Amino acid sequence: MTMSCPMGHTVTNNTGAEQWHGAQMDFAKDMSYGDYLHLEPVLSAQHPLSPDHNEMLFIIQHQTSELWMKLMLHELHAARNEVRTDKLAPAFKKLARVSRIMDQLVQAWNVLSTMTPSEYSSMRPYLGMSSGFQSYQYREIEFLLGNKNASMLRPHAHRDDRLQPLQAVLHSPSLYDEALKLMARNGLSVDLACLERDWSQPWSYQPSVEAAWALVYRDPESYWNLYQLGEKLVDIEDSFRQWRFRHATTVERVIGFKRGTGGTEGVAYLRKMLDVELFPELWRVRTAL
């Protein structure tokens, strides 16, 4: 039985566990917060290589981003499966969550932007050739959203445990491919070539797909679920573009136009990525309406 503890006194319940204002205090035999979250391995995973104070920020920024991306992949895989099986209500919830996760990633750049060029220069030699370009989770997110590129498998060829999941996503329909199949199942005219194609190739603009989305957007009441799906996809790409933009501006602020540690063109490469469209028909249909 739990007892109240006026005046801040410590009490015990009928199991003998010490409590404070109703909160259990003795975890010798029960699972605690830290136990549930496995905080020891998480909080001991930061190993700065340089003597610079600011490297801890750099490590935690990227580790937390990878955790958010893990959750994003969890939601995207589930949402893709639900779109594939016409379970749209739960898919909408998951896609909305993906957009909010991306908002978290956008805001995270504000913390890293407190690192000055001189501070980053002090620790950069210790990074070697490691680079965010090599994030296999980020690459899987891009593949799931339709920006496929088989050459991006190469940085992971030495790790089969990373390579196989990426290959599986590369060669399977993306979230957008499943959305187009759903449109066809609902009687909208989408060219067969869009529905039976080489899934490992990146999506490119197709007039028949824009025409199908135009029907949806001109008559949302008749195609309400597809209309909602279209807006959820636009939300995701909107947030994704902001994520990419904040990445580019933060990198420019910290290192200017130096090459990236992984050998990329740095800011020049990131700016090129801003031009990539994931769902081009959903953006162009707005002009046609």
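Biologist: Which helix is Tyr33 found in?

Modeller: Tyr33 sits in helix 1, residues 33-37. Helices here are DSSP runs of H or I with at least four residues, strands are E runs of at least two, and both are numbered from the N terminus. This is a predicted model, where local features need pLDDT of at least 70 and side-chain atom pairs count only at pLDDT 80 or more, while totals for chains, interfaces and linings use all residues. Residues are numbered from 1 along each chain as its sequence is written, and side-chain values use heavy atoms, with hydrogens and water left out.

Biologist: Is Tyr33 buried or exposed?

Modeller: Exposed, with a relative accessible area of 63%. The cut-offs are under 20% for buried, over 50% for exposed and partly exposed in between, using a 1.4 Å probe and protein chains only.

Biologist: What's the phi of His38?

Modeller: Positive, about 50 degrees, although His38 is not a glycine. Most residues other than glycine have a negative phi. His38 lies in the loop between helix 1 and helix 2 (39-43), and His38 is exposed at 52% relative accessible area.

Biologist: And what about Asp86, what's its phi?

Modeller: Also a positive value in a non-glycine residue, near 65 degrees. Asp86 is in the loop between helix 3 and helix 4 and is partly exposed, at 44% relative accessible area.

Biologist: Switching topic: how much space lies in the largest pocket?

Modeller: About 1,500 Å³. Of the 50 lining residues, the closest to the centre are Phe58, His62, Ser131, Gly132 and Phe133. The elements giving two or more residues to that lining are helix 3 (55-84), helix 4 (88-112), helix 5 (117-123), helix 6 (136-144), helix 11 (224-255) and helix 12 (267-273).

Biologist: Which helix gives the most to the lining?

Modeller: Helix 3, with nine residues.

Biologist: What counts as a pocket?

Modeller: On a 1 Å grid over the protein atoms alone, a pocket is an open set of points with protein on both sides within 12 Å along at least five of seven lines, whereas a cavity is a set where a 1.4 Å probe fits but cannot get out. Lining residues have an atom within 4 Å of a point. Points are joined across faces, edges and corners, and the volume is the space filled by probe spheres set on them.

Biologist: How many salt bridges does a search of the whole structure find?

Modeller: 14. The criterion is a side-chain nitrogen of Lys or Arg within 4 Å of a carboxyl oxygen of Asp or Glu. One of them is Glu75 with Arg97, closest N and O atoms 3.1 Å apart. Glu75 is in helix 3 and Arg97 in helix 4, so this pair ties together parts 22 residues apart in sequence.

Biologist: Is Glu75 buried or exposed?

Modeller: Glu75 is buried, at 4% relative accessibility, while Arg97 is partly exposed at 36%.

Biologist: Which residue does Lys94 form a salt bridge with?

Modeller: Glu82, closest N and O atoms 3.0 Å apart. Lys94 is in helix 4 and Glu82 in helix 3, twelve residues apart, and both are buried.

Biologist: What about Glu142, which partner does it have?

Modeller: Arg244, with the closest N and O atoms 2.4 Å apart. Glu142 lies in helix 6 and Arg244 in helix 11, so the pair ties together parts 102 residues apart in sequence. Both residues are buried. There's a network too: salt bridges with shared partners join Glu237, Arg241, Glu277 and Arg284.

Biologist: Last one: how many residues of helix 8 are buried?

Modeller: Eight of eleven, in residues 175-185. The buried ones are Leu175, Tyr176, Asp177, Glu178, Ala179, Leu180, Leu182 and Met183.

Biologist: What takes a positive phi just after helix 8?

Modeller: Gly187, at about 90 degrees.
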